[in-house]
Amino acid sequence: MTDGAFTYNGGRVDPGETADIRYSISETYLGDPVRVPITIVNGPYDGPTVFLSAAVHGDELNGIEVVREVAQDWPHDNLHGTLVCIPVVNVPGFIAQERYLPVYDRDLNRSFPGSDTSTSAKRMAHQLFTNFIEPCDYGVDFHTSTRGRSNMLHVRANMDDEDVAALARAFGSNVIIDSTGPEGTLRREASDAGAPTITVEMGEAHRFQRRFIDEALDGVASVLAQYGLHPADPVDWPGWRTTIESGEKTWLRADAGGIVETHYAHGDLVHEGDTVCTITNPFKSTRDEVSAPFTGLLVGLLENPVVYPGNPLCHLVELDEPTRRAYERDRNGTMPERPA
Ligand SMILES: [Zn+2]
């Protein structure tokens, strides 16, 4: 990319050009190409290359709309750098409206960086990774909660990696969950290959949820401001922020089977001892009341209200005292100051 062009196997996009392409990464049982839609926006000015990807899990839709709107609806006349927008990464999963590749149920998000001599999933991953991920300087990969659950918008990032941590903060979410991520995930493998990448988790599978989409678009704008792609724009400060170490997060699980009534929404603060969920039988007798073991933020919640014993009910994370006060000021409509 010496002359500012974005090049991939079989094509190039010059500065000031935008290209909507359908890139072949595999073949179906019918011998037809499996083509991934990708928009390359190469701005008229020099700058970093950032990828935005969604639906690596084929039924996780919110991010698709985020990536499409950035690619198609935002003005890019003043873009300093290049955007690689992949709204639907897992095309076979998307067509089937399933999380995994419907080829032996493989998780595309455990298949990166891929290989051109291995399984079908790894071959697809390899095509995408070498052509469109590795050439990037940064990346944001959008997900939702698994089917039947929902979560508030949060960032997952390896906060031990300074470049990834800076990107996570630039996105401007209230909650960052610190984890390296399993091997084979797009964010971990892209980061290891030199493109610091974060995952954004938001809402439910199978939905377009406008308020999450808008929140994520603000996050993308903030990232583009931070790295100079939109140099005149401000970087977001979300008012309060908590970074959760892996291990601190807690999924509360059901101890009884039954039908679940939840008393809070994700994003709510619950106090120690508050009843978060009630599990009842078909005759509405209470089987179990699940209370918060500590005061914290409900990051994720069950949406499909039925459980076996051991099924997860909600994802509760502890907030320290200053963060809790900032959260409460934010909820009361007085935006807290950015800490010095
Ligand atoms: Zn996912």
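**View 1. Val-41 and its partner in strand β6.** Val-41 has Leu-83 of β6 as its bridge partner. The picture comes from a predicted model, where local features need pLDDT of at least 70, side-chain atom pairs count only at pLDDT 80 or more, and totals for chains, interfaces and linings use all residues. Residues are numbered from 1 along each chain as its sequence is written, and side-chain values use heavy atoms, with hydrogens and water left out. Strand β4 (residues 33-42) and β6 run antiparallel, joined by four bridges. Strands pair here if DSSP finds at least two bridges between them; strands (E, at least two residues) and helices (H or I, at least four) are DSSP runs, numbered from the N terminus.

**View 2. Strand β6 beside β5.** Strand β5 (residues 45-54) runs parallel to β6, with six bridges between them. Look for Thr-49, whose bridge partner in β6 is Thr-82. Six of the seven residues in β6 (residues 80-86) are buried (under 20% relative accessible area, 1.4 Å probe, protein chains only).

**View 3. The zinc site.** The zinc ion picks up ND1 of His-57, two OE atoms of Glu-60 and ND1 of His-143, at 2.0 to 2.5 Å. Donors are N, O and S atoms within 2.8 Å of the metal (3.2 Å for Na, K and Ca); water is not among the atoms, so sites may look incomplete. Along the chain, the donors follow the spacing H-x2-E-x82-H. Glu-60 sits in the loop between β5 and α1, and His-143 in strand β7 (residues 138-143), 83 residues apart, so this pair links distant parts of the chain. Both Glu-60 and His-143 are buried.

How values were computed
Buried means under 20% relative accessible area, exposed over 50%, partly exposed in between (1.4 Å probe, protein chains only).
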